[in-house]
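Please find below a few notes for your reading of the model.

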Amino acid sequence: MNSFGKKYGITVIIVFGIVLRLFAYFRGISFWGDEAALALNVLEHSYSGLFKGLDYLQVAPPMFLVMSKFLIIDNLRDFTLRLIPLVSGIAAIPLFYKFVSRLSKNRVVITVSTFLFSFNMTAILYCAQFKQYSLELFTSVLLLIIFYKLIFEKEFKWYYPLLIAIAPWFSLSSLFIIGSYFLVMLIKNPRAVLKTYIPFF
């Protein structure tokens, strides 16, 4: 890969990934069944009610619902409800690049991985739908970075345990990552388990 490609290749990939997500978002596609059912929960429930069971067979992280309700603007309701998925999906791209750059120093591996992530059609689609999946993706990548630093780089920051503790309120799938890495830390760095997981427990 020449110097130009090394310097600007990743930037171009990330920018185009963001442009595609913005394009999908501003198309303003009509809400579909499951998406509309989740939106009804946000509109019909109080803030405290969003921490309880949802109607219409829906499940979503409570803080995703609370933030969505807070952002609602009546005459722009469709766009404001989908704002968190858009922002989360966009923010996940550079975050994923940062994660892959820690896993590998091979420029080709980093570039191809970032390309596949940026142009993943499912990830792009969920940036334009009122579902929690983009936020789940962002939270998952963030947790992977945190645990990589804790376990393999032996780096501890005071806010890591707090981010781990609040992650399930934003991402239900984060529980799988938190539980899996708890077992890994018991083997790799058992002394760090207690201070890392006390806020979570």
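**Notes on the model**

1. L54 sits in the loop that runs between helix 2 (33-44) and helix 3 (62-71), helices being DSSP runs of H or I with at least four residues, numbered from the N terminus. This is a predicted model, in which local features need pLDDT of at least 70 and side-chain atom pairs count only at pLDDT 80 or more, while totals for chains, interfaces and linings use all residues. Residues are numbered from 1 along each chain as its sequence is written, and side-chain values use heavy atoms, with hydrogens and water left out.

2. L54 counts as buried because its relative accessible area is 17%, where buried means under 20%, exposed over 50% and partly exposed in between (1.4 Å probe, protein chains only). Neighbours within four places in sequence aside, L54 contacts L38, N41, V59, A60 and L65, contact meaning heavy atoms within 4.5 Å. The C-alpha atoms of L54 and A37, which are 17 residues apart along the chain, are separated by 9.7 Å.

3. S140 belongs to helix 8 (residues 133-151) and is buried, with a relative accessible area of 14%. Setting aside neighbours within four places in sequence, S140 is in contact with S173 and I177.

4. V112, in helix 6 (residues 107-118), counts as partly exposed because its relative accessibility is 44%.

5. Helix 9 (residues 160-170) and helix 10 (residues 174-188) pack at about 145°, with axes 8 Å apart; axes are lines fitted to C-alpha atoms over the stretch in contact, and angles run from 0 to 180 degrees between N-to-C directions. I164, A167 and P168 of helix 9 meet S174, L175 and I178 of helix 10.

Technical notes:
Helix = DSSP H or I, 4+ residues; strand = E, 2+ residues; numbered from the N terminus.
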